[in-house]
Amino acid sequence: MNEARVQAGDFDLGHEVARLRANDARIGAVVSFVGTVRDLNDGAKVSEMELEHYPGMTEKSLEAIAARASERWPLYGTLVIHRVGPLAPLDQIVLVACSAAHRGDAFAACEFIMDYLKTEAPFWKKEQTPDGARWVDARVSDDSAKARWEAP
């Protein structure tokens with residue numbers, strides 16, 4: 001199973017991981033990452049985050065990132081779910097899950113997908129703070145995390 005979805009609604013981690021593993025006895029490892037909305041960012045209280053995307057283009061970007069991971073590691077499946085729309089602190093934003101025969105491949109691929117998703121997927125984030133709305137800029141640390149995967 002290789003799937004990438006962008007959706008407004010929440011996801012059920014247990015259900016999604018079960019789908020990724022479904023009846024595949026080759027799988028020896030499933031690694032998943034769930035990102036959530038924090039109530040504090042860059043020193044300001046955050047009451048809401050709104051994520052916007054470019055429909056069609058965003059899904060293709062997520063699929064391409066997951067395909068790159070599958071080219072690099074022997075994976076049996078990948079799943080990327082990213083939410084859009086208004087989200088509150090504690091809400092789930094993103095799920096990345098990878099299945100493989102061995103944990104090292106699954107861990108590395110999951111981290112790779114997240115690092116590339118943070119820097120290459122076309123999402124725009126706006127936070128509501130006590131001082132009003134503000135757009136969230138890309139972080140240097142995200143670019144640094146992605147750079148470690150690139151060939152020297």
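This is a predicted model: local features need pLDDT of at least 70, side-chain atom pairs count only at pLDDT 80 or more; totals for chains, interfaces and linings use all residues.

**From one residue to the whole chain**

Trainee: Does S61 count as buried or exposed, and why?
Mentor: The cut-off for a buried residue is a relative accessible area under 20%. Because S61 has a relative accessibility of 15%, it counts as buried.

Trainee: Which residues does S61 touch, not counting residues up to four places away in sequence?
Mentor: Contact here means heavy atoms within 4.5 Å. With residues up to four places away in sequence left out, the residues that S61 touches are E120, A121 and P122.

Trainee: Which element gives the largest share of the largest nonpolar core?
Mentor: That core has 33 residues, and those with the most contacts inside it are L62, W73, V96 and I113. Among the elements that give two or more residues to this core are strand 1 (2–7), helix 2, strand 8 (92–100) and helix 3 (103–120). The largest share amounts to nine residues, and it comes from helix 3.

Trainee: Which residues is I113 in contact with, leaving aside its neighbours within four places in sequence?
Mentor: I113 is one of the residues with the most contacts inside the largest nonpolar core. Once its neighbours within four places in sequence are left aside, its contacts are I65, A66, A69, T78, V80, V96 and C98.

Trainee: How many helices and strands does the protein chain have?
Mentor: Read from the N terminus on, the elements follow the order β-α-β-β-β-β-α-β-β-β-α-β-β-α. The secondary structure of the protein chain comes to four helices and ten strands.

Trainee: What is the radius of gyration of the protein chain, and why does it agree with a compact globule?
Mentor: The C-alpha atoms fill a box of roughly 50 × 40 × 30 Å along the principal axes, and 42% of the 152 residues count as buried. A compact globule with 152 residues would have a radius of gyration near 15 Å, so there is agreement with the value for the protein chain, which is 16 Å.

Note on methods:
Residues are numbered from 1 along each chain as its sequence is written. Side-chain values use heavy atoms; hydrogens and water are left out. Buried means under 20% relative accessible area, exposed over 50%, partly exposed in between (1.4 Å probe, protein chains only). A nonpolar core is a set of buried Ala, Val, Leu, Ile, Met, Phe, Trp, Tyr and Cys residues joined through side-chain atoms within 4.5 Å. The radius of gyration is taken over C-alpha atoms; the globule rule is 2.2 Å times the number of residues to the power 0.38.
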